[in-house]
Amino acid sequence: MPQTVSGVVAREKGAPVEVVPVVVPDPGPGEAVVAIQACGVCHTDLHYREGGIGDNFPYLLGHEAAGIVETVGGGVTDVAAGDFVILNWRAVCGECRACRRGRPWYCFNTFNASQPMTLEDGTPLSAALGIGAFADKTLVHAGQCTKVDPAAPATAAGLLGCGVMAGLGAAINTGGVGRGDSVAVIGCGGVGCAAIAGARLAGASRIVAVDVDVRKLEKARELGATHVVDATAGDVVEAVQAVTDGFGADVVIDAVGRPETWKQAFYARDLAGTVVLVGVPTPEMTLELPLLDVFGRGGALKSSWYGDCLPSRDFPMLIDLYLQGRLPLDAFVSETIGVGDVEAAFDKMHRGDVLRSVVVW
């Protein structure tokens, strides 16, 4: 029987979110109902509320989550009731041209649940990133569930569902950071700090954190930055070059996603170095750059989608590293809150007061 739970809904563009009853259907073929234990408050949820992603209101927000599979529909074999899972928004299809070429992290045909969750009056809800996890329970495609070691607390594990994975993957997967590399990260919010933690995990020798907020720079040091640059105090490119023997960094990660920060990343890298864009630009942003500079500096200019992660490969491995004490996921949890505190968490996030507020049940 369908279940009625409490969920955080954005009814219209820019309006404060509300906690309202949400109807969760029984899982159909290939689907699963997951009882949510923890869900991080991510900038993407705020973008949904502000209409920055689409106008398919009302939205059921929340997507950076972990919980317990309650029931599964027909044909589901990879997870079962009782499994502890991290939810992901890139359930690979295995059949598109990217999957067939052995690059499933680029899957162009990812899956979501076929059935919508609804308001009590039957109004369909658009689930944020196909998940909708600011709720006691949610309906997802079973491929969006990745089973991991239940010894990890949901507050830490759920962060791999979006922001922390995006940053870690930007360094390790997209940027290919290796032992002895120099790395610069521009923007040290949750994603940027995760990129710093990823660079440290990969064995980078020098890790330069760049931000305008000294609080974020202090957190970046805690997570592995060897040098910090206050972007308000001088030229960022010169500052990065100064701590990389005058050459620039091997890998520069732009975790802001603005034309000016991307240009800083472009010129702050060494010759034949790599730029990774993981911060998400807005639609009106444009970039102008001398084409000769693109040619003359060589290297690679990359965008990182979800940290180019493959959840079935990366989530269990990263949870194992966390349980070994090698990946400090707990350091990203600034506070735990209730489901009614999401709107206040948006304000704290916007002010830069937190890396992550995490809703717990």
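In which strand is A272 found? Here are some friendly notes on the chain, with that residue taken up in point 6.

1. **Ground rules.** This is a predicted model, in which local features need pLDDT of at least 70 and side-chain atom pairs count only at pLDDT 80 or more, while totals for chains, interfaces and linings use all residues. Residues are numbered from 1 along each chain as its sequence is written, and side-chain values use heavy atoms, with hydrogens and water left out.

2. **Overall form.** The chain has 11 helices and 18 strands; these are DSSP runs numbered from the N terminus, with helices being H or I of at least four residues and strands E of at least two. For 361 residues, a compact globule would have a radius of gyration near 21 Å, and the chain agrees with this at 20 Å. That radius is taken over C-alpha atoms, and the globule rule is 2.2 Å times the number of residues to the power 0.38. Along the principal axes, the C-alpha atoms fill a box of roughly 65 × 40 × 40 Å.

3. Of the 361 residues, 52% count as buried. Buried means under 20% relative accessible area, exposed means over 50%, and partly exposed lies in between (1.4 Å probe, protein chains only). Among contacts (heavy atoms within 4.5 Å) between residues at least 6 apart in sequence, 69% join residues at least 24 apart.

4. **The cores.** In soluble globular proteins, nonpolar side chains tend to be buried together. A nonpolar core here is a set of buried Ala, Val, Leu, Ile, Met, Phe, Trp, Tyr and Cys residues joined through side-chain atoms within 4.5 Å. The largest has 52 residues, and L160, L168, I196, I253 and F332 have the most contacts inside it. Helix α5 (residues 190–202) gives the most to this core, with seven residues.

5. **L160 and Y306.** Leaving aside neighbours within four places in sequence, L160 is in contact with I86, M165, L168, Y306, F315, L318, I319 and L329. Y306 is found in the loop between β16 (300–303) and α10, and is buried with a relative accessible area of 3%. Phi of Y306 is near 55°, a positive value in a residue other than glycine.

6. **Backbone points to check by eye.** Most residues other than glycine have a negative phi, and most peptide bonds are trans. A272, in strand β15 (residues 269–277), has a positive phi of about 65° although it is not a glycine. At 57% relative accessibility, A272 counts as exposed. The peptide bond from F57 to P58 is cis, with omega near 0°, and P58 is found in the loop between α1 (43–49) and β4 (59–60).

7. **V183.** This residue of strand β11 counts as buried, at 0% relative accessibility. Not counting residues up to four places away in sequence, V183 touches V177, A199, A204, R206, I207, V208, A249, V251 and I253. V183 and G273 are 90 residues apart in sequence and 9.9 Å apart in space, C-alpha to C-alpha.

8. **Helix α8.** Which residues of helix α8 (residues 259–268) are buried? They are P259, T261, W262, A265, F266 and A268. The buried residues of α8 pack against β11 (182–186), α7 (236–242), β14 (249–254), β15, α9 (291–297) and β16.

9. **The second largest pocket.** About 350 Å³ of space lies in the second largest pocket. A pocket is an open set of points on a 1 Å grid over the protein atoms alone, where a 1.4 Å probe fits, with protein on both sides within 12 Å along at least five of seven lines; lining residues have an atom within 4 Å of a point. Grid points are joined across faces, edges and corners, and the volume is the space filled by probe spheres set on the points. There are 19 lining residues, of which D78, V92, A142, G143 and C145 lie nearest the centre. β10 (145–147) and α10 (311–323) each supply at least two lining residues, and the largest share, three residues, comes from β10.

10. **E343.** Helix α11 (residues 342–351) holds E343, which touches P16, V17 and R49, not counting residues up to four places away in sequence. The C-alpha atoms of E343 and P290, 53 residues apart along the chain, are separated by 43 Å.
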